[in-house]
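Student: I would like to learn how to read a protein model. Could you take me through it feature by feature?

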Amino acid sequence: MLDTAPRDSLLEVNNIEVIYNHVILVLKGVSLSVPKGGITALLGGNGAGKTTTLKAISNLLASERGEVTKGSIVYRGEAIVDLNPAALVRKGVIQVMEGRHCFEHLTVEENLLTGAYTRRDGAAAIRRDLEMVYEYFPRLKERRKSQAGYTSGGEQQMVAMGRALMSRPETILLDEPSMGLAPQLVEQIFEIVKAVNEGEGVTFLLAEQNTNVALRYAHYGYILENGRVVMDGPAAQLRENPDVKEFYLGMSDEGRKSFRDVRSYRRRKRWLA
Ligand SMILES: Nc1ncnc2c1ncn2[C@@H]1O[C@H](COP(=O)(O)OP(=O)(O)OP(=O)(O)O)[C@@H](O)[C@H]1O
Ligand SMILES: [Mg+2]
């Protein structure tokens, strides 16, 4: 296979087009490159195509009547468009879906253990990794006997991430980890992403509407609008880009208003908590 990817690139998405229901064209030629050991952010507003891109990579589109109709997706130099999600997990790629999806009737610990289902390296190794997950997520250790359905949104996000880690992945596709979480908890989740990236060498491709936090933790970002990549670059560079500031970070002069909104939102959250 022709492999023109840079040496350290793990995952290459080349000019893909995705169509839902045979007619709805959603991705219109998206290309990205995910380097090994990095945190890459896929940014953009509602309906930009972030989730569709992640699902195209992990082959979860079929169940939604979606299809990659053009382009290619290559992992470690090998086309992966025809691999089912379980085969992809064995290759080292796992997706943490938007909205967490815990097994509500299982305990936190049972949920984590379901993440090890593709492994063949024995109970002792799985036990060790459970302890590794608890080191990254001390909160989950405290709650390990609780039924997952009764844990908070933040804890469920942690369960979903911890379960993914239990498959010993090389790459995690993380969809909207900040969704519905209070700002402080969002920060905590991203701190854990960073710690796992640095401590375990796990590569991340994460989809986020929260540009501000994502660009503080990611190394590189792609901005999607209406199914196309409109801008990409090193995270530090995107953070300084005037358009990004204005449209995504709410930091332009008139954007000060939206900053105030953020503060009052925080106050509201305190009352709601
Ligand atoms: N199963 C589906 N059938 C038809 N259209 C869909 C389907 N899933 C998503 N779409 C459409 O595809 C577009 C991209 O959706 P997608 O979920 O990928 O966006 P997103 O960037 O993840 O947005 P959000 O930030 O709201 O999660 C949207 O216009 C959406 O309505
Ligand atoms: Mg989405």
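Tutor: Start with contact, which means heavy atoms within 4.5 Å. Leaving aside its neighbours within four places in sequence, Ile172 is in contact with Ile94, Val96, Ala164, Leu165, Val202, Thr203, Phe204 and Leu205. This is a predicted model: local features need pLDDT of at least 70, side-chain atom pairs count only at pLDDT 80 or more, and totals for chains, interfaces and linings use all residues. Residues are numbered from 1 along each chain as its sequence is written, chains are lettered from A and ligands numbered from 1 in the order in which they are written, and side-chain values use heavy atoms, with hydrogens and water left out.

Student: Which residues have the most contacts inside the largest nonpolar core?

Tutor: In soluble globular proteins, nonpolar side chains tend to be buried together. A nonpolar core is a set of buried Ala, Val, Leu, Ile, Met, Phe, Trp, Tyr and Cys residues joined through side-chain atoms within 4.5 Å; buried means under 20% relative accessible area, exposed over 50%, partly exposed in between (1.4 Å probe, protein chains only). Here the largest core has 48 residues, and Phe137 and Ile172 have the most contacts inside it. A second, separate core of 27 residues includes Leu11, Val18, Leu88 and Leu205.

Student: Why is strand S1 described as largely enclosed by the rest of the structure?

Tutor: Helices (H or I, at least four residues) and strands (E, at least two) are DSSP runs, numbered from the N terminus. S1 covers residues 9–20, and ten of its twelve residues are buried, so the strand is largely enclosed by the rest of the structure.

Student: How many bridges join S1 to strand S4, and how many pair S1 with S2?

Tutor: Two strands pair if DSSP finds at least two bridges between them. S1 and S2 (residues 24–35) are antiparallel, with nine bridges; Glu17 has Lys28 in S2 as its bridge partner. These two strands form a hairpin with three residues between them, and Asn21 in the turn has a positive phi of about 50 degrees. Eight bridges join S1 to S4 (residues 66–75), also in the antiparallel sense, and Leu11 stands opposite Tyr75 in S4.

Student: Which residues are closest to ligand 1?

Tutor: A residue is near a molecule if one of its heavy atoms lies within 4 Å of it. Ligand 1 is surrounded by 15 residues, the closest being Asn46, Lys50, Thr51, Thr52 and Glu98. Helix H1 (50–57) gives the most to this shell, with three residues.
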